[in-house]
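Me: Could you take a close look at the disulfides in this one and walk me through how they sit in the chain?

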Amino acid sequence: KLHSDLDKGVGTVKYTLSGDGAGTVFTIDETTGDIHAIRSLDREEKPFYTLRAQAVDVDTKKPLEPESEFIIKVQDINDNEPKFLDGPYVASVPEMSPVGAYVLQVKATDADDPTYGNSARVVYSILQGQPYFSIDPKTGVIRTALPNMDREVKEQYQVLIQAKDMGGQLGGLAGTTTVNITLTDVNDNPPRFPKSIFHLKVPETSHVGSAIGRIRAVDPDFGKNAEIEYNIVPGDGGNLFDITTDEYTQEGVIKLKKPLDFETKKAYTFKVEASNLHLDHRFHSVGPFKDTATVKINVLDMDEPPVFSKPLYTMEVYEDTPVGTIIGAVTAQDLDAGSSSVRYFMDWKNDVDSYFTIDATEGTIATNELLDRESTAQYNFSIIASKVSNPLLTSKVNVIINVLDVNEFPPEISVPYETSVCENAKPGQVIQTITAADKDLSPAGQRFSFKLSSEASNKPNFTVHDYRNNTAGIETRRNGYSRRQQELYFLPVVIEDSSYPVQSSTNTLTIRVCRCDSDGTIQSCNVEAIFLPVGLSTGALIAILLCIVILLVIVVLYVALRRQKKKDTLMTSKEDIRDNVIHYDDEGGGEEDTQAFDIGALRNPKVIEDNKIRRDIKPDTLRFTRHRPPAEDNTDIRDFINQRLQENDVDPSAPPYDSLATYAYEGNGSVAESLSSIDSLTTEADQDYDYLSDWGPRFKILADMFGEESYNPDKVT
């Protein structure tokens, strides 16, 4: 309520209200000044309001007093229950934890005023989950309430927590939440075999390394605490088997380490131990975390392939052994109870296998071709054995045959030697050490011996000293050698081997006499050494060679210039002839036209005979020689032309066309008269072309065209 001292109660004062919530939350009676709340208030929404009030004159509207400010505070009541803002909760605690082990802390929030009364005072309690867990009423910490809770018995727990305000008193508001608690696993259980004996049946044909059975120990723990390691306890049969752990199923996989044989042993018994990999020291007192079981394996009899007596056969044979010679044998047996017979055959893979054959029943191997160690020193092939009762059951073995050497090649000098001796050499001086090589496969201890041939033993020039270690030295036997007297010496050396039969060869060493200094260093072994005693120095020899080279160059240049000059003259003559032929492209004038062509060549029989080879073309092949009698001075020109036509008809090298040089001249004064078509008859009918048929086969087509065609006046234009 607002009231002004100037208000006399006669209605002259008016009250106004402004500020937070004025007109919406609060209203004022303008006459009495009473303030009313026009809707419900919520402290949690707005705890106080700041308002301003003023008294004004009703008539003048002027303030009677200064504006005053006041605060309306909303008083709290317990209208909000506690709430778990983070619920529901999920927690875990290791199994077998002691009483009071920490699990989780929960917290509830009350929106009421904590400074006014007990509206916001919260107390925690467990509605569901006892007697396994407990909670602190003030802090909300959840702890275990029972010892040795076992995950393998019960793993999940759901706890219902209540939070109540007013200090938990009657009439207080409450809120609840759920806490899901999981017991985590610890390794508190050892692995256990569900039975003490495991029986397995294994075929004797099982392959080494294959899995032949599985056993399993049960561990109720989870995760890495349930990981099991299996081991075979040393004992009977354990060395033939191995066991590993399947990481997905935690089963023990038994594998075969060695082959099984029913005929040798039919059953095996051994023990397997299962233990945890990750142990917890808190539970060592419980007992050993491992268990043991017995495994009995029965071997099943199977129809097996034959078994060879050896895994590999090695044989030896001398080269050139006669075909059909037995060099060894292989043996395979059927170890099954039925004991079937065995057959042998070659495993053909290449042509090398054809060098040997095998007896199908006895297994003996014999040569099928002559062997040559120098061609192939070793043969490697396979033999297959199969059972007669079941040919599909086969086994294979490798056979290696080494070809032994027969001494058939003589030893020879290993490399070609370039041996030289000084002119001033002394007797007993070693000028060369030689070695030998043999194409045969030399056995251990073989030796080569060296000696001079019988014809060279009597010569006093050189000798051979055998060092008896497969080498020999060439020694001088005289004091000094003269290169001018003898430049080369040929020394025959006989080399023998120590094999049987003894093989030997004679090898010739070429020894060159050289010029040396006093220390024995070779200075020259070439041609210069021969000329030096005559008095010619090296400079003189070079000068002589230079003079010879200069003379040769001069001669070559002279010959080249002469050929070039002759070629230029021929080319000029050819160009003249070609020029005459090319430019003689007009007609008329007859005998008066003598500038372009020498007409005298047609009139002089000797000139004609000398120039019978045509100059206007170059023959591709050699022209046949033509023999004709010389023409007389007054021979008719027509006869002359006919004679030339006949000669060209029989000449295979003549071109199929006429030339100016061949068919002479025409024009006024010519016996053949003019060849021009200007003075020809007005019609083709007046002309007779039958004479073309007499000119030979080269004019046959032309004669056919003009001789057989009939004259048609309508075609004349």
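Reply: Cys525 is partly exposed, with 24% relative accessible area, where partly exposed is the range between buried (under 20%) and exposed (over 50%), using a 1.4 Å probe and protein chains only. Keep in mind that this is a predicted model: local features need pLDDT of at least 70, side-chain atom pairs count only at pLDDT 80 or more, and totals for chains, interfaces and linings use all residues. Residues are numbered from 1 along each chain as its sequence is written, and side-chain values use heavy atoms, with hydrogens and water left out.

The partner of Cys525 is Cys514, with the sulfurs 1.6 Å apart; a disulfide here is a pair of cysteine sulfur atoms within 2.5 Å. Cys514 sits in strand S36, and Cys525 in the loop between strand S37 (522-524) and helix H2 (528-531), so the bond ties together parts eleven residues apart in sequence. Helices (H or I, at least four residues) and strands (E, at least two) are DSSP runs, numbered from the N terminus. Cys514 has 0% relative accessibility, so it counts as buried. The S-S torsion of Cys514 and Cys525 is about 120°, which means a right-handed link.

Searching the whole structure turns up two disulfides. Cys422 is bonded to Cys516 at an S to S distance of 2.1 Å, and that link is left-handed, at -85° about the S-S bond. Cys422 lies in strand S30 (residues 419-422) and Cys516 in strand S36 (residues 504-516), so this pair connects parts 94 residues apart in sequence. Both Cys422 and Cys516 are buried. Number the bonded cysteines in sequence order and the pairing reads 1-3, 2-4.
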